Amino acid sequence: MDTFYTISFVSIRPVIKEQISLGLIVANGRDIQFEYSKSKLKALNKLMSHNIVDFIRLYLKAMKKVVLKFDDPIFSKYDYYNRLSNYNNNLLIFSKPKNVDIELTDYNFKRLFELYIFKKILLK
């Protein structure tokens, strides 16, 4: 299996490296799934300014649209997310991609999302 995942985090206290996991990307070089927790994003309004939370919301929404809608194989490649984890280290942070020995299915994605991000997700 070439399946891997990466987690997107919001840095809420950079000095002590406190982060909240918001989103999950799972890909296998051909297919990709991406979702983020709207509940956690809403809860961030109590921890950060509304402008920052709106920026994060727009960023994640745009990224989801780009990653899922465009038929560009770069978005399903391990190297893309490895670079993203190295260079996107500001408000929104991406973990180094980690290989996982599972098939990329809706069921497996939902289980990983519940394990790393949030218990509720609506699959379409």
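Predicted model: local features only at pLDDT ≥ 70, side-chain atom pairs only at ≥ 80, totals over all residues.
In which helix do Glu 114 and Arg 111 both lie, and how many residues apart are they? Both belong to helix H4, where they sit three residues apart, about one turn of the helix.

1. The protein chain has an average pLDDT of 88, with 93% of the residues scoring at least 70. Among the elements of the chain, the lowest mean pLDDT, 87, belongs to helix H3 (residues 78-87), whereas strand S5 (residues 98-99) has the highest, 95.

2. Strand S1 (residues 4-13) pairs with S2 in the antiparallel sense over nine bridges, and in this pairing Phe 4 is placed opposite Ala 27 of S2. The two strands form a hairpin with four residues between them, and Lys 17 in that turn has a positive phi of about 55°.

3. On the pairing of S2 with strand S3 (residues 32-36), five bridges join the two strands, which run antiparallel; Val 26 has Gln 33 in S3 as its bridge partner. S2 and S3 likewise form a hairpin with four residues between them, and here Gly 29 in the turn has a positive phi of about 90°. Strand S2 (residues 18-27) is mostly covered, since seven of its 10 residues are buried.

4. Helix H4 (residues 106-116) has Phe 109, Leu 112, Phe 113 and Glu 114 buried, and the elements that cover its buried residues include S2 and S3.

5. Glu 114 counts as buried at 18% relative accessibility, because the cut-off for buried is under 20%, whereas Arg 111 is partly exposed, with a relative accessible area of 35%. Elsewhere, salt bridges that share partners join Glu 35, Lys 38 and Lys 64 into one network; within it, the side chains of Glu 35 and Lys 38 meet at 3.0 Å, N to O, and Glu 35 is buried, with a relative accessible area of 12%.

6. In helix H2 (residues 50-69), Asp 54 and Arg 57 are three residues apart and so separated by about one helical turn, and their side chains meet in a salt bridge of 2.7 Å, N to O. Both partners are partly exposed, Asp 54 at 37% relative accessibility and Arg 57 at 29%.

Terms used:
Residues numbered from 1 in each chain as written. Heavy atoms only, no water. pLDDT = per-residue confidence, 0-100. Buried < 20%, exposed > 50% of the residue type's maximum accessible area, 1.4 Å probe, protein only. Pairing = 2+ DSSP bridges. Contact = heavy atoms within 4.5 Å. Salt bridge = Lys/Arg side-chain N within 4 Å of Asp/Glu carboxyl O.
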